[in-house]
Amino acid sequence: MYNYTDFDADFVRTRTAQFAAQVARRIDGSLTEDEFRPLRLMNGVYLQLHAYMLRVAIPYGSINPQQMRTLAQIADTYDKGYGHFTTRQNIQFNWPKLVDIPAILSDLADVGMHAIQTSGNTIRNVTADHFAGAAADEIEDPRPIAELLRQWSTDHPEFQFLPRKFKIAITGSSTDRAVTRAHDIGLRMVRNDAGEPGFEVIVGGGLGRTPLVGTTVRDFLPKADLLPYVEAVLSVYNMLGRRDNKYKARIKITLHETGKEELSRLIEERFDELRPLFGGNDQALLDQITAAFSTPELRQADTSAYAAFYKADPLFRSWADTNLAAHKHPDYRIVTISLKAHGATPGDATSAQMRLIADLAERFGHSEIRISHEQNVILPHVHLSDLPALHAALRGSGLETANVGLISDIIACPGMDYCALATARSIPVAQQIATRFDALKLEHDIGPLKIKISGCINACGHHHVGHIGILGLDRAGVENYQITLGGDGSETAVIGERAGPGFAYDEIVPAIERIIAAYLEQRQSPAETFLQAYRRLGLAPFKAALYPDEGKRDAA
Amino acid sequence: MSRAFTPKVITANDLLIGDVIYLTADDQWSRDHAAAELIEDEAHAQLRLLDAQRTKNAVGAYLADAKRGAHGPEPVHFREAFRTRGPSNYAHGKQVERAHV
């Protein structure tokens, strides 16, 4: 794990002190809200529906136990005893008082954390594959590059006033767990014919009101060229991106309006100018950073306890079947701790849960913790022999749910329960779907299924790339939910198809049930997943299930 | 023809804690929607909004649709109704905190 250098620590301390002075001047009236707003947003402070919200970055989703305990302490001291992990690998505190925020930032700085560039028209928290450094299918750990990008982008003078926010995601695996095709820049590590690692560079993906899968502008970029190339993309975007219309300001629109060829030409031209200027300094820095991300010393131990428990304990078996993933070491597993207990708020963790996760990471996980964009917590390195004890320790904490990748493992944005931009609620819809399918005892039979819910068109809940996507809208003063089907956020990314007219708040769960019933009826075998069935069958049978009356009308 | 003016209240968030507040007829900010001044005249609404935007401890004042109720103004839109209560996933916010000025 990367630890702050003196430079990083000084920078964060200085910023915290500056912000403390700005808060004081806001409170004594020397700063108006119009003057203060850009300052608070630079430091992750939003004003939401009921209170302020502080968004803290968890760069590329990596966090250590000490940091997790600090988040717990902040939740207890300054908030209501919990935090909300987001789809951008951040954590949000929903109830801080303005006057306390400088103290929170200072506590965060003590453990090498901050809220810088978690808002505003800058390069946001760089997100990464949450299995980075552990996944069996990984070419290389992408986090050193992500850290390099963070250091480069933090307070970068050229990129503090971009036309709009800018999101970068990176993965080192062929399986895309970081939704790289739905980011302003997506970086997917690939090998060239000579076997050298480099990146496929994808530009102009994004969800929101204009959902687009990104376009590949370079099939293979040598690893050593990454930083000047990313700077070239930003530089071209900064020049061409529209500042006249907020809704047309993202790079996806720049790409669309400029055309892939011309944009690529401009990027390559700028890249040729920039590359010599880096003079190898970026590579020297990357080498230093890379050393901080070495794999922990994995241990050799007898694995027979795992097999014995797997055979004997059905609860453990169920959890192991859903919540474990292959590790690059055959005797290890990647553990996903579900923050989606049936009926709980997706992504929320209490301070007690945070502390338990920190303890378990130390006991069983080489002190490493990751936060996924799917709003779960990952212990990336757990030895097979420790899994029964880990599972036993999770039981009773609300963190033991065996549902990762299943219908109740729902992504949901905060929606109108918190967010000032929301047009409808998301959280209770997620809670009700999870509770309903748990009661039906169907979710393991349904198998892999990703439901993603957003409470407005900005799509923080990634609904466009949910196998089932739900978008909450305000239709004539009433909450209304639109369904999209067949979306996919992986390496085979697809924007979902709108199923038809929306459903009222009390109609949405039954509507989802009808989709699932249609799937169970039509699938060729339990091995055919929802997404596979959808790709084979298309929208029609699901539409018929969603709108049964329409079929009757047509037949009449 | 312009649309008929519907009654409004003026609402904002408190500068220090961010809580939802409402402008009363006597120029105070209340935590309670029912204590708000119900404004039924458009010109008066614009004037009152200017007053509200000048006050020091209120952030983002705006006019929100409201209607006359038994105990004072009531919200019309669900967003404003949520703002009088707090989130639906936890018993936090106004729904559990005593309304006070």
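# Questions on a two-chain predicted model

Biologist: What domains does the assignment give for chain A?

Modeller: The assignment gives domain 1 (6–110), domain 2 (142–291), domain 3 (304–394) and domain 4 (411–555) for chain A; such bounds come from an automatic or database domain assignment. This is a predicted model, in which local features need pLDDT of at least 70 and side-chain atom pairs count only at pLDDT 80 or more, while totals for chains, interfaces and linings use all residues. Residues are numbered from 1 along each chain as its sequence is written, and chains are lettered from A and ligands numbered from 1 in the order in which they are written.

Biologist: What separates the centres of domain 1 and domain 2 of chain A?

Modeller: Taken over C-alpha atoms, the distance is 27 Å.

Biologist: Why is A:Leu47 called buried?

Modeller: A residue is buried if 20 or more other C-beta atoms lie within 10 Å of its own, exposed if 12 or fewer, and partly exposed in between, with C-beta atoms placed from the backbone. A:Leu47 has 21 other C-beta atoms within 10 Å, and is therefore buried.

Biologist: What is A:Leu47 in contact with, leaving aside its neighbours within four places in sequence?

Modeller: Contact means that the C-beta atoms of two residues, placed from the backbone, lie within 7 Å. On that basis A:Leu47 is in contact with A:Tyr52 and A:Ala420, and also with B:Asn13, B:Gly18, B:Val59 and B:Gly60. A:Leu47 is found in strand E1 (residues 45–47) of chain A; strands (E, at least two residues) and helices (H or I, at least four) are DSSP runs, numbered from the N terminus.

Biologist: How many residues of each chain are in contact across the two chains?

Modeller: There are 22 residues of chain A in contact with 21 residues of chain B. Helix H14 (residues 427–440) of chain A gives the most to the chain A side, with 3 residues.

Biologist: Which residues touch the most other members of the largest nonpolar core?

Modeller: A nonpolar core is a set of buried Ala, Val, Leu, Ile, Met, Phe, Trp, Tyr and Cys residues joined through C-beta atoms within 7 Å. The largest one has 175 residues, and A:Leu54, A:Ile170, A:Val201, A:Val233, A:Ile357, A:Ile470 and A:Ile515 touch the most other members. Helix H6 (residues 226–240) of chain A supplies the largest share of this core, 9 residues.

Biologist: What makes strand E9 (residues 197–203) and E10 of chain A a pair?

Modeller: Two strands pair if DSSP finds at least two bridges between them. E9(A) and E10(A) are joined by 5 bridges and run antiparallel, which meets that definition. In E10(A), A:Thr215 is the bridge partner of A:Val203. H6(A) packs on the sheet, touching strand E8 (185–191), E9 and E10 of chain A, and its direction makes about 10 degrees with that of E9(A). Axes are lines fitted to C-alpha atoms, for helices over the stretch in contact, and angles run from 0 to 180 degrees between N-to-C directions.

Biologist: How many residues of strand E15 (residues 377–383) of chain A are buried?

Modeller: The count is 7 of its 7 residues, and E15(A) is described as mostly covered.

Biologist: Which bridges tie strand E14 (residues 369–371) of chain A to E15(A)?

Modeller: E14(A) and E15(A) pair in the antiparallel sense over 2 bridges. A:Arg370 has A:Ile378 as its bridge partner in E15(A). The hairpin of these strands has 5 residues between them, and A:Gln375 there takes a positive phi near 70 degrees.
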